[in-house]
Amino acid sequence: MICKHIYYSGNVQGVGFRYTTLNIAKNYSVTGYVRNTLEGCVELLAEGSPKEVNAFVADLAQRMGGYIR
């Protein structure tokens, strides 16, 4: 079991980032949360098997890559 705690910055608020993250997460055996921060970033915490968490994070980066730095 691993846990990844990631902060995404860029144009990540107001573009459906949290909604997309939730929908992608439904395809993986992961738990955690995603939320906006006061600084304008999005905070993600994902926990699960290394294979599932890494695949989930990679899928999210691919789908939302145009919005994150």
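Two strands are taken as paired if DSSP finds at least two bridges between them. Helices (H or I, at least four residues) and strands (E, at least two) are DSSP runs, numbered from the N terminus. The model is predicted: local features need pLDDT of at least 70, side-chain atom pairs count only at pLDDT 80 or more, and totals for chains, interfaces and linings use all residues. Residues are numbered from 1 along each chain as its sequence is written, and side-chain values use heavy atoms, with hydrogens and water left out.

Strand pairing is described first. β2 and β3 form a hairpin with 5 residues between them. In its turn, Gly40 has a positive phi of about 95 degrees. The two strands β2 and β3 run antiparallel and are joined by 7 bridges. Within this pairing, Arg35 stands opposite Glu43 in β3. β3 also pairs with β1, again through 7 bridges and in antiparallel fashion. Here Tyr8 stands opposite Val42 in β3.

A residue is buried under 20% relative accessible area, exposed over 50%, and partly exposed in between (1.4 Å probe, protein chains only). In β3, 5 of the 7 residues are buried, so the strand is largely enclosed by the rest of the structure.

The loop between β2 and β3 holds Thr37. Thr37 counts as buried, at 14% relative accessibility. Contact means heavy atoms within 4.5 Å. Not counting residues up to four places away in sequence, Thr37 touches Tyr7, Gln13 and Glu43.

Helix α1 spans residues 17–25. Its buried residues are Phe17, Thr20, Thr21, Ile24 and Ala25. These residues lie on the same side of α1, because they cover an arc of only 135 degrees around the axis. The arc is that of the directions from the helix axis to the C-beta atoms.

Thr20 is buried, with a relative accessible area of 16%. Its contacts include Arg63 and Met64, not counting residues up to four places away in sequence.

The nonpolar interior was then examined. A nonpolar core is a set of buried Ala, Val, Leu, Ile, Met, Phe, Trp, Tyr and Cys residues joined through side-chain atoms within 4.5 Å. The largest such core has 14 residues. Tyr8, Phe17, Phe56 and Leu60 have the most contacts inside it. α1, β3 and α2 each supply at least two residues of this core. The largest share, 5 residues, comes from α2. Leu60 touches Tyr8, Phe17, Thr21, Ile24, Leu44 and Gly65, not counting residues up to four places away in sequence.

Cysteines were considered last. A disulfide is a covalent bond between the sulfur atoms of two cysteines. The cut-off used is a pair of cysteine sulfur atoms within 2.5 Å. A search of the whole structure finds 0 disulfides. Cys3 is in no disulfide, and the nearest cysteine sulfur, that of Cys41, is 18 Å away. Cys3 counts as partly exposed, at 42% relative accessibility. Cys41 is likewise in no disulfide. At 19% relative accessibility, Cys41 counts as buried.
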